[in-house]
Amino acid sequence: MFGEIWRPTKILITARTYPTPARRGIEVSCTGGITADGRWIRLFPVPYRFLDHDKRFRKYQWIEVPIKKASDRRSESYELDCDSLKILTEPLTTDDCWKARKAIIAPLQASSLCMLQAEQSAKGCPTLGFFKPRAIKRLIIEEDRKQWTKAEIARLRAPDLFGKTPAQELEKLPYKFKYEFLCAEPECHGHELMCVDWEMGQSYRRWSRTYPDWEAAIRQKYEREMIEKFDTHFFVGTVHQHPDAWIIIGLFYPPKEPQKPKQMALPL
C-alpha cells in the first residue's frame, strides 16, 4: 500500500484487542483502523501499555503516525513508529446514533462474513472486515487457563529496550468469549468466532471485582443488549499464524434507530 519506507499516515482507530504476551518483546495488541483515504489498516504490534500517556489513543480518534509495511504477509498489516505518534482529535461523537462514525466506516461494510471468507480464500485478502450479522444467537463463555505459562510470564517480566515494564503486570483473562451468529449470506450455516475486543476484556476485569455475579453483567451488555438494544456489527480479522481463522477484534454498537411510522394512505 505505501511501500517499504516510513510514511506519516492519518488513521481513525476503530478496534483494539486485549493484549497478549509477545513472541518478540513483552506484550502486544492488534489495532485496526481506517486511513484518511478509506482503506483498512492493521497496526501490529502495538505495545499499548508502554506508550507515553499522551500517545495512548482511544477508539474513534484520528491519529497521525509514520508506518511501513510489516513483514506480516497480511496485506493490511503495518508497523508504526510509536515515538512519533500524534493524537489529532477527540473521539468522534456518538450523537445521532453514531452518525459521524458511521459516515467513515459504512463505505467499507461487507455484506457478510461468508463473503469475506470466500474472498480471502480465493485471493489471500482481505484479512480485515466489517459486517452486520443477520442474527446473534448467543454469547458463549468458556473457561480458559487461569494463569500465564512460565514462558509467557518470563516475557511479561522482561524489561523492554529502555528498561521499562508496565506498572501492573498484564492480567490473564481466565475465560474465552465467543459469539455464535448467522451472517447475511442466504446459505450461511452459522459461525462461532472468538471475540478478543479490548473493551469486553476490560469489562470482565472490572465487573468480576465489583459484581457478585459478573457473568450476568457481561451477558446483559454483550448478549442481551447486543441482540435487543444495539445495531450490532463486528470488526473481524484473520489470525497471523492461522490465516484461514477469523476472530472478532471489535464491536460496533450504535443504538437501533427508531422505526419511522408508516404513513396511512388517505382515502380519495
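**Figure 1. Leu173 in its loop.** In this predicted model, Leu173 lies in the loop that runs between helix α3 (150-156) and strand β10 (175-182). Its relative accessible area is 12%, and because buried means under 20%, Leu173 counts as buried.

**Figure 2. Surroundings of Leu173.** Leaving aside residues up to four places away in sequence, Leu173 touches Tyr18, Asp144 and Arg145, and it also touches Gly201, Tyr204 and Arg205.

**Figure 3. The fold of the protein chain.** The protein chain is built with 5 helices and 13 strands. Its radius of gyration is 20 Å, close to the 18 Å that the globule rule gives for 268 residues, so the protein chain is as compact as a globular protein of that length. Taken along the principal axes, the box filled by its C-alpha atoms is roughly 80 × 50 × 40 Å. Of the contacts in the protein chain with a separation of 6 or more, 66% are between residues 24 or more positions apart.

Figure 4. Among the 268 residues of the protein chain, 47% are buried, and Leu173 is one of the buried residues. The accessible surface of the protein chain comes to about 15000 Å², with 52% of this area belonging to carbon and sulfur atoms.

Note on methods. Residues are numbered from 1 along each chain as its sequence is written. This is a predicted model: local features need pLDDT of at least 70, side-chain atom pairs count only at pLDDT 80 or more; totals for chains, interfaces and linings use all residues. Side-chain values use heavy atoms; hydrogens and water are left out. Helices (H or I, at least four residues) and strands (E, at least two) are DSSP runs, numbered from the N terminus. Buried means under 20% relative accessible area, exposed over 50%, partly exposed in between (1.4 Å probe, protein chains only). Contact means heavy atoms within 4.5 Å. The radius of gyration is taken over C-alpha atoms; the globule rule is 2.2 Å times the number of residues to the power 0.38. Accessible areas come from the Shrake-Rupley method with a 1.4 Å probe; for residues, only the protein chains shown count as cover.
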